[in-house]
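Reader: I'm new to this one and have just opened it. Could you walk me through it while I look?

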Amino acid sequence: MVDDKNSNSNPESATLKLLRQRLSMTQEELAQELGTTSRTIRRHETGERQIRFSLPQIKRLIELMQRAGMSADDLPDDVK
């Protein structure tokens, strides 16, 4: 993934925002769950910062998705 200021050219950024919305969470809530800041989440979502989550953060995202009845199959393959 390449750092980019435009989320339209960075599908992972749009995917994170869509996932957060499907979890019915604010940036602040997701940040708290992942042990980061809302500013970091915002930067990830806008493509200003490359998405790099630690293994514990990824596991927590999976737990949040499972709690919401979602799986990795529910993630979009391509977000525009």
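Reader: Which element gives the most to the lining of the largest pocket?

Author: That is α4, which contributes five residues to the lining; please keep in mind throughout that this is a predicted model.

Reader: Okay, and what volume does that largest pocket have?

Author: Its volume comes to about 310 Å³. There are 15 lining residues, and those closest to the centre of the pocket are Leu19, Phe53, Leu61, Met65 and Leu75. The elements that supply two or more residues to this lining are α1 and α4, the latter spanning 55-67.

Reader: How many of the lining residues are nonpolar, and how many polar or charged?

Author: Sorted by class, eleven residues of the lining are nonpolar, three are polar and one is charged.

Reader: Let me step back a bit. How many helices and strands does the protein have?

Author: The protein has four helices and zero strands, so that, read from the N terminus, the order of its elements is α-α-α-α. Of its 80 residues, 35% count as buried, and among contacts between residues at least 6 apart in sequence, 61% join residues at least 24 apart.

Reader: And the confidence, where is it lowest and where highest among the helices?

Author: Helix α1, residues 11-22, has the lowest confidence with a mean of 88, whereas helix α2, residues 27-34, has the highest at 98. For the protein as a whole the mean pLDDT is 85, with 85% of residues reaching 70 or more. Over residues 1-8, however, pLDDT stays under 50, although the model has 20 contacts for that stretch beyond four places in sequence.

Reader: I clicked on Gln27 in α2. Is that residue buried or exposed, and why?

Author: Gln27 counts as buried because its relative accessibility is 18%, and the cut-off for buried is under 20%.

Reader: Which residues does Gln27 touch, then?

Author: Leaving aside residues up to four places away in sequence, Gln27 touches Arg20, Ser38, Ile41, Arg42 and Glu45. With Glu45 there is also a polar contact between the side chains, at 2.8 Å.

Reader: One more, Thr40: where is that residue placed?

Author: Thr40 lies in helix α3, which covers residues 38-46. Thr40 has a relative accessibility of 13% and therefore counts as buried. Its side chain makes a polar contact of 2.9 Å with the side chain of Thr37.

Methods. Residues are numbered from 1 along each chain as its sequence is written. Side-chain values use heavy atoms; hydrogens and water are left out. pLDDT is the predictor's confidence in each residue, from 0 to 100. Contact means heavy atoms within 4.5 Å. Buried means under 20% relative accessible area, exposed over 50%, partly exposed in between (1.4 Å probe, protein chains only). A polar contact is a pair of N or O atoms within 3.5 Å; within protein, one must be able to donate a hydrogen and the other to accept it, and residues adjacent in sequence count only if both atoms are side-chain atoms. On a 1 Å grid over the protein atoms alone, a cavity is a set of points where a 1.4 Å probe fits but cannot get out, and a pocket is an open set with protein on both sides within 12 Å along at least five of seven lines; lining residues have an atom within 4 Å of a point. Grid points are joined across faces, edges and corners, and a volume is the space filled by probe spheres set on the points. Ala, Val, Leu, Ile, Met, Phe, Trp, Tyr, Cys and Pro count as nonpolar, Asp, Glu, Lys and Arg as charged, and the others, Gly among them, as polar.
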